[in-house]
Amino acid sequence: MEDSGKNIGKITSVFGKTGIVEPTDGGRLYFLVKSQKLKPVVGDNVHWNKQSDGTIVVTKIMEPNNQLERLNRYGQRQIIASNVTQILLITAPLPKPNFLLIDKFILISELMECDLSIILNKVDLVEKSDHQFQLYQQLGYPVIKISAKKKINLNPLFNLLNQQTTVLVGQSGVGKSTIINLLIPKDKIRTEALSNKNQKGKHTTSTTTMHAVKNKGYLIDTPGIENLNPKILDIKEIETGFREIASLSCDCRYRDCIHINEPNCAVNQALTKNEIATQRYNNYKKLVDGFQ
Ligand SMILES: Nc1nc2c(ncn2[C@@H]2O[C@H](COP(=O)(O)OP(=O)(O)OP(=O)(O)O)[C@@H](O)[C@H]2O)c(=O)[nH]1
Ligand SMILES: [Zn+2]
């Protein structure tokens, strides 16, 4: 006999067919998925039941607002998390920023309709205050300068997490792990790692985990974040990652103009007048070429 009431919760870890669900009224429970069709990922809001033997079974996954996906080592699409509300794009003076990757992360955030802020880490390594990210600030993406190592300006970063489900993205070596360690107290990471035993007591590891942080925030911790994949269904969607291009698009002669070599293209006209940055346009073009 199953518990007939409908319980709701959020998935915070997944280990194959088991994982951890946080019921809406608090706590953490190990769950099991019985149906082959249900494949929960962290961030999913689900229905669950308690069976007479005490087993918690996830019975339904609610339609997510968005999904974060990456390409695995075989080039296959793999969903990492659902219902992300914010991307923090971590950059640093070293390793040198890869602006194509940065623009791709911005496109991902726009396609997922979530907020994006740029975190300039390792400010302790630079003397001058100007930076290459003013353009992004002008486009409306907040830019915060910090040093995770020297603990400079961390409060604005902490405050960004309030009530958001956040994922940190960025090139290898920019300081993502260092920042995550500041945002999640070490003892908490350890407790969660220790408690990652399934119901048979076997120790398993979750590749992606969602940690509760203060003020109803969640932080998604996942490896391989560099291989995120923008879910582009139509070539015209690529301009959504380029606000300065998208805002001119309505002035192009053709409604389906993709601003490459069409006549009377408002974007190309703006480009010749230096009204949009060549680097951004070139990255737009690379993403368009990559899609075709
Ligand atoms: N100078 C300086 N170094 C930093 C700062 N933050 C992190 N680092 C160093 O940068 C290096 C890379 O940091 P990680 O946190 O491992 O970077 P990551 O982005 O997680 O790298 P991957 O795991 O490869 O994706 C380490 O040696 C850190 O100590 C900072 O604010 N200033
Ligand atoms: Zn155009």
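## Exercises on a predicted chain

The chain folds into eight helices and 13 strands. The model is predicted.

**Exercise 1. Describe the chain as a whole: what share of its residues is buried, and what share of its contacts joins residues at least 24 apart?**

Step 1. Take burial. The chain has 292 residues, and 48% of them count as buried.
Step 2. Take contacts between residues at least 6 apart in sequence. Of these, 62% join residues at least 24 apart.
Step 3. The accessible area is about 15,500 Å², and carbon and sulfur atoms hold 50% of that.

**Exercise 2. Work along helix α1: what span does it reach, which residues are buried, and what do they pack against?**

Step 1. N98 caps the N-terminal end, with a side-chain oxygen 3.1 Å from the backbone nitrogen of L100.
Step 2. List the buried positions: F99, L101, I102, D103, F105, I106, L107, I108 and S109.
Step 3. Find their partners. The strands are β6, β8, β9 and β11; the helices are α2 and α8.
Step 4. Look just past the helix. E113 takes a positive phi of about 55°.

**Exercise 3. How many disulfides does the structure hold, and where does C250 stand?**

Step 1. Search the whole structure. The count is zero.
Step 2. Check C250. Its nearest cysteine sulfur belongs to C252, 8.0 Å away. A disulfide needs sulfur atoms within 2.5 Å, so C250 is in none.
Step 3. Assign exposure. C250 has a relative accessible area of 64%, so it is exposed. C114 has 8%, so it counts as buried.

Conventions
Residues numbered from 1 in each chain as written. Chains lettered and ligands numbered in written order. Predicted model: local features only at pLDDT ≥ 70, side-chain atom pairs only at ≥ 80, totals over all residues. Heavy atoms only, no water. Buried < 20%, exposed > 50% of the residue type's maximum accessible area, 1.4 Å probe, protein only. Helix = DSSP H or I, 4+ residues; strand = E, 2+ residues; numbered from the N terminus. Contact = heavy atoms within 4.5 Å. Areas by Shrake-Rupley, 256 points an atom, 1.4 Å probe, with all protein chains shown as cover. Polar contact = N/O pair within 3.5 Å; in protein donor to acceptor, adjacent residues only side chain to side chain.
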